[in-house]
Amino acid sequence: MAQVLVIADDLTGSNATGALYARLGLRAVTVGALNQVERYADRVDVLVINTASRHWSPARAHAAVRAAAESAGGAPLIVKRVDTTLRGNPGSELDAVVDVLAAREPAARIRTLAVPAFPDAGRSTVGGLHLVDGVPLTRTAVARDPFDPVRHSRVAAVLGAQSRRSTGELALDVVERGPDAVAAALRASQAETVVCDATENAHLRTVAVAAARLAVEDRIRWVALDSGPFGAALAGELGLRPEGGAPARILAVVGSVTDRTRTQLARTETALGARWAELDPAAPDPGAVLAELRAAAAEGATVLGVRVAPDPLTTAGPAPDPAAARILQALAEIARRAVVELCPGGLYASGGDVATAVTSALGADGFAIETEVLPLAIAGHLVGGPHDGLLFATKGGLIGGPDAARDCLEHLRAACTRHTLGPTLSTT
């Protein structure tokens with residue numbers, strides 16, 4: 001059965017949203033006709049239904065979304081995907097989703113988190129106002145859209161024009177105080193729909209962490225209204241997993257200590273919940289690092305890795321040759337032992353010297369190249385040796401923007417799912 005049901009109002013948005021879930025290692029498919037919904041509902045992890053209802057009347061859009069939700073059956077998470085600029089019928093379509101869920105689960109405490117921010121696409125919400133590249137909606141081109149002009153910048157006003165549900169707002173300063181503050185604010189709010197401010201991906205994860213906590217502690221049945229990334233973050237925090245079992249573990253080995261690298265790794269922590277053990281460059285101890293990695297794996301971390309701790313010798317300039325050799329040897333030894341003990345589905349190595357040392361330590365003959373994740377970041381699999389076929393990605397330490405490491409790790413996670421499940425969606 002699908003773990004996530006996403007109902008969207010146009011095809012491009014449907015596909016783009018499905019891709020976000022696929023990056024989590026969940027198998028996603030987009031369908032349109034109701035008979036296709038029935039065909040695929042029990043065969044994928046994420047079922048995305050395109051109702052093509054953006055330009056319809058509110059009543060017609062409500063009926064289409066209701067029919068789609070009814071035909072799909074139950075799913076642990078239901079997401080109403082909305083346009084990144086809130087065009088269309090977000091209020092009436094949200095009501096359709098909640099109406100179906102309330103009829104199906106009359107005893108459930110159903111609430112909606114409206115988090116339309118899409119930071120990577122320049123969409124943010126501040127003070128309840130939705131912004132495109134920092135400009136309120138009513139001052140952008142969508143206010144003059146010939147089909148669906150947006151008449152409000154405040155998200156609550158856009159929803160309130162169509163929705164019967166009460167609406168509250170969660171301010172950015174609360175979100176920035178972390179999951180505990182968000183959870184307390186959500187508990188205190190009586191609103192059926194809470195609009196949450198967010199300007200960066202870390203904010204989306206903060207709200208998702210708090211919501212997942214309340215789902216367990218207060219037994220709240222959350223519906224997500226978002227433009228893509230928040231629903232995916234919430235699915236991850238709710239612990240939704242591929243039908244075939246837990247997501248594959250990804251192991252990362254990073255030798256670079258540049259500011260750019262540390263920024264990239266910090267993004268993996270906020271976006272993926274990555275856990276990093278640090279290798280002391282002055283006294284490299286593979287055993288101590290492996291103990292940290294084992295502990296992180298035992299706590300459920302699916303993205304874990306080792307990085308080199310900052311050190312005056314390495315931050316002021318290149319490490320002396322003997323020190324650099326010891327660091328590389330330690331990283332390679334950690335990779336060799338961690339692959340055997342932790343059985344990752346994919347391996348990521350950052351830095352050319354690190355990738356070479358790791359490949360040699362694993363006894364591989366070489367690296368079969370399959371794709372370019374981003375310029376100078378390559379993914380494929382090891383060939384030869386005891387770990388032949390292990391999915392592998394490499395990136396230069398100074399390559400890419402803040403999300404480059406995240407993109408490589410997400411690519412590996414999605415590739416692991418495709419590799420494990422295989423091409424099982426073809427119809428017969």
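In this predicted model, strands E6, E7 and E8 form an open sheet in that order, with antiparallel pairing. Strand E6 (123–126) and strand E8 (135–136) stand at its edges. Each has a single partner strand, so one side of each is left without a neighbour in the sheet. Strand E7 covers residues 129–132 and is joined to E8 by 2 bridges. The two strands run antiparallel. Here Val132 stands opposite Val135 in E8.

A second open sheet is built from 7 strands. Their order is E13-E14-E12-E15-E18-E17-E16, and the pairing is mixed. The edge positions are held by strand E13 (275–279) and strand E16 (366–374). Each of these has a single partner strand, so one side of each lacks a neighbour in the sheet. From one strand to the next, the twist averages 20°. E13 pairs with strand E14 (residues 303–308) in the parallel sense, over 5 bridges. Within this pair, Glu278 stands opposite Arg307 in E14.

Helices pack on this sheet. H10 touches strand E12 (250–254), E13, E14 and strand E18 (391–395). The direction of H10 makes about 160° with that of E14. Helix H11 (residues 286–298) lies across E12, E13 and E14. H11 runs at about 170° to E13.

A helix pair was also examined. Helix H3 (residues 58–72) packs with helix H4 (residues 90–104) at an angle of about 35°. Their axes are 8 Å apart. The crossing of H3 past H4 is right-handed. On the H3 side, the contact includes Pro58, Ala61, His62, Val65, Arg66, Ala69 and Glu70. These meet Ser92, Glu93, Asp95, Ala96, Val97, Asp99, Val100 and Arg104 in H4. By class, the residues of this contact divide into 7 nonpolar, 2 polar and 6 charged.

Pockets were then considered. Rolling a probe the size of a water molecule over the atoms shows where empty space is left. The largest pocket has a volume of about 700 Å³. Its lining comprises 30 residues. Of these, Leu24, Gly236, Ala271, Leu272 and Arg413 lie nearest the centre of the pocket. Four helices each supply at least two lining residues: H8 (201–217), H9 (229–237), H10 (259–272) and H15 (404–421). H9 gives the most to the lining, with 6 residues. The lining divides into 14 nonpolar, 6 polar and 10 charged residues.

Key. Residues are numbered from 1 along each chain as its sequence is written. This is a predicted model: local features need pLDDT of at least 70, side-chain atom pairs count only at pLDDT 80 or more; totals for chains, interfaces and linings use all residues. Side-chain values use heavy atoms; hydrogens and water are left out. On a 1 Å grid over the protein atoms alone, a cavity is a set of points where a 1.4 Å probe fits but cannot get out, and a pocket is an open set with protein on both sides within 12 Å along at least five of seven lines; lining residues have an atom within 4 Å of a point. Grid points are joined across faces, edges and corners, and a volume is the space filled by probe spheres set on the points. Ala, Val, Leu, Ile, Met, Phe, Trp, Tyr, Cys and Pro count as nonpolar, Asp, Glu, Lys and Arg as charged, and the others, Gly among them, as polar. Two strands pair if DSSP finds at least two bridges between them. Axes are lines fitted to C-alpha atoms, for helices over the stretch in contact, and angles run from 0 to 180 degrees between N-to-C directions. A crossing is left-handed if the near helix is turned anticlockwise from the far one by less than a right angle, and right-handed if clockwise. Contact means heavy atoms within 4.5 Å.
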